[in-house]
Amino acid sequence: MDNLRSQKLHIPNLWPAFEGWKRVVNPSRLRMSIDLRLGELFRDDPVKLAKARAVDIGLFASCLFPDATYEILETAAFYCIWLFFWDDAIDSSDTGDNDIAGTAEAGSEYCRKSVSFIRCCLRLPEKDHPVDGPAPTKVCSSFEDVADRGAKIRTTDGSTDLIPSKKSLEKYMNACVVEQAWRLSSMRSQIPPSGKEFWGWRLGTSSVNAFLDLSVILKNVYLFRDQLEFTDQRLAFHVNKLIVCINELFSLKKELKDKTGHMNLIPITMYGSRDPINLDAAVQKIVNDIHSHAAAFNRLAMTSQFRTCRSQEVREQFDKTVSAWQTVVTAVLHFSIESPRYGILKDRLPDGGFLVTL
């Protein structure tokens, strides 16, 4: 990885890949309420608090949910905070939480206790899953407030509350534990995982399914969830690959600085498979993947049986799902460009691309 430092990373303008996709930012940015929440979570660690505030969660939530009311947006933003920072305990040994990141066993235990706590917050039956004590970290404990807020908010048709599925949350958390195990193993052996192994966990650690759940709820999609499942999975796959590819490009400079195992740099090493790494070739391959997955999503959406269904209600529900999921992708791209988390806005070129010194 050292040979990447000081190289020039050229990211072309990616917006043409998403022509016609919704791209709006909610005018509410929630700065005060988010700063207060982050202050509650990280008041004992001023450095971590400053980094957390620099992420600009308010921008991310405002891009994800451009049509949400203030109350719903605030709840969604607190949910984003939980998703952003829950895995910090197993990403870095500098956590102050009994070194959860130090062993795979500790990470698995952290995940198990977190799942137990979340099931309790969601008021799910605990016959086969008894509650195992309090939340393991302060960040994890904040999910209780998210769940309470979500349970009180009804969507406009009254069909459901604002709570994503436990299944998507567990998928995210379990994938984070798998990633931790690979990170620890790779740091010892200096042997990176294969592409298949990487994608096996990376499509989970992106937490895309958890965001897709919430975005569909906010669009009041309530019909044909069972019938939609197969198309749902294929659409979600393309969304997931798009978000991971975007993240891997825009977070490259940050990842090189963080020195936490470089798990997110694996696509760069796979696609630039020379020694030293051919950065331009790797970037071009990822950019090609972005255009390919965006086009595949569009084709699947246009040819779906639900788009051609005789029922206007079904067509409208499907169109809402497609629009909501397109918005998740454009939100991630907009956030990646604008957020101080990646710090590349200053490197924007006149044509909308970026030239970043790593």
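Author: A residue is called buried if its relative accessible area is under 20%, and exposed if that area is over 50%. Please keep in mind that this is a predicted model.

Reader: Which class does Phe211 fall into, and at what relative accessibility?

Author: Phe211 has 6% relative accessibility and therefore counts as buried.

Reader: And how much of the chain counts as buried?

Author: The protein chain has 358 residues, and 53% of them count as buried.

Reader: How many helices and strands are there?

Author: The chain contains 16 helices and two strands.

Reader: Turning to the rings, how many aromatic pairs does a search of the whole structure find?

Author: The search finds 18 aromatic pairs. One of them joins Phe42 and Phe85, with an edge-to-face arrangement, 5.4 Å centre to centre and 75° between the planes.

Reader: Which parts does that pair tie together?

Author: Phe42 belongs to helix α1 (residues 31-42) and Phe85 to helix α4 (residues 70-85), so the pair links parts that are 43 residues apart in sequence.

Reader: What about Tyr79 and Phe211?

Author: Tyr79 and Phe211 form an edge-to-face aromatic pair, at 6.3 Å centre to centre and 75° between the planes. Since Tyr79 is in helix α4 and Phe211 is in helix α11 (residues 208-218), the pair ties together parts 132 residues apart in sequence. Tyr79 is buried, with a relative accessible area of 1%.

Reader: Which residues form the aromatic cluster?

Author: One aromatic cluster is formed by Phe42, Phe60, Tyr79, Phe84, Phe85, Phe211, Phe335 and Tyr342.

Reader: How do the axes of α4 and α11 run?

Author: The axes of α4 and α11 come within 12 Å and cross at roughly 170°. Angles over 145 degrees count as roughly antiparallel, and α4 and α11 are therefore roughly antiparallel to each other.

Reader: Which residues make the contact, and of what class are they?

Author: On the α4 side the contact is made by Ile72, Ala76, Tyr79, Cys80 and Leu83, and on the α11 side by Ala210, Phe211, Leu214 and Leu218. By class, the contact has nine nonpolar residues, no polar ones and no charged ones.

Reader: Where is Asp56, and what is its phi?

Author: Asp56 is in the loop between α2 and α3. Its phi is near 65°, a positive value in a residue other than glycine. Asp56 is buried, with a relative accessible area of 14%.

Reader: And Ser207, what is its phi and where is it found?

Author: Ser207 is not a glycine, yet it has a positive phi of about 60°. Ser207 is found in the loop between α10 (195-205) and α11, and at 7% relative accessibility it counts as buried.

Reader: Let us move to α16. How does its axis run relative to that of α15?

Author: The axes of helix α15 (residues 279-303) and α16 come within 11 Å and cross at roughly 170°. That makes α15 roughly antiparallel to α16. Phe297, Asn298 and Ala301 of α15 make the contact with Phe318, Val322, Trp325 and Gln326 of α16. By class, this contact has five nonpolar, two polar and no charged residues.

Reader: Where is Thr321, and how far is its C-alpha atom from that of Val216?

Author: Thr321 is in helix α16 and counts as buried, at 1% relative accessibility. The C-alpha atoms of Thr321 and Val216 are separated by 5.8 Å, while the two residues are 105 apart along the chain.

Reader: Last topic: which residues lie over the face of a tryptophan ring?

Author: Arg23 lies over the face of Trp15, at 3.6 Å from the ring centre. Lys241 lies over the face of Trp199, at 4.3 Å from the ring centre.

Note on methods:
Residues are numbered from 1 along each chain as its sequence is written. This is a predicted model: local features need pLDDT of at least 70, side-chain atom pairs count only at pLDDT 80 or more; totals for chains, interfaces and linings use all residues. Side-chain values use heavy atoms; hydrogens and water are left out. Rings of Phe, Tyr and Trp (its six-membered ring) pair if their centres lie within 6.5 Å; planes under 30 degrees apart count as stacked, over 60 as edge-to-face and the rest as tilted. Helices (H or I, at least four residues) and strands (E, at least two) are DSSP runs, numbered from the N terminus. Buried means under 20% relative accessible area, exposed over 50%, partly exposed in between (1.4 Å probe, protein chains only). A charge sits over a ring if NZ of Lys or CZ of Arg is within 6 Å of the ring centre and within 35 degrees of the ring normal. Axes are lines fitted to C-alpha atoms, for helices over the stretch in contact, and angles run from 0 to 180 degrees between N-to-C directions. Angles under 35 degrees count as roughly parallel, over 145 as roughly antiparallel, 65 to 115 as roughly perpendicular and the rest as oblique. Contact means heavy atoms within 4.5 Å. Ala, Val, Leu, Ile, Met, Phe, Trp, Tyr, Cys and Pro count as nonpolar, Asp, Glu, Lys and Arg as charged, and the others, Gly among them, as polar.
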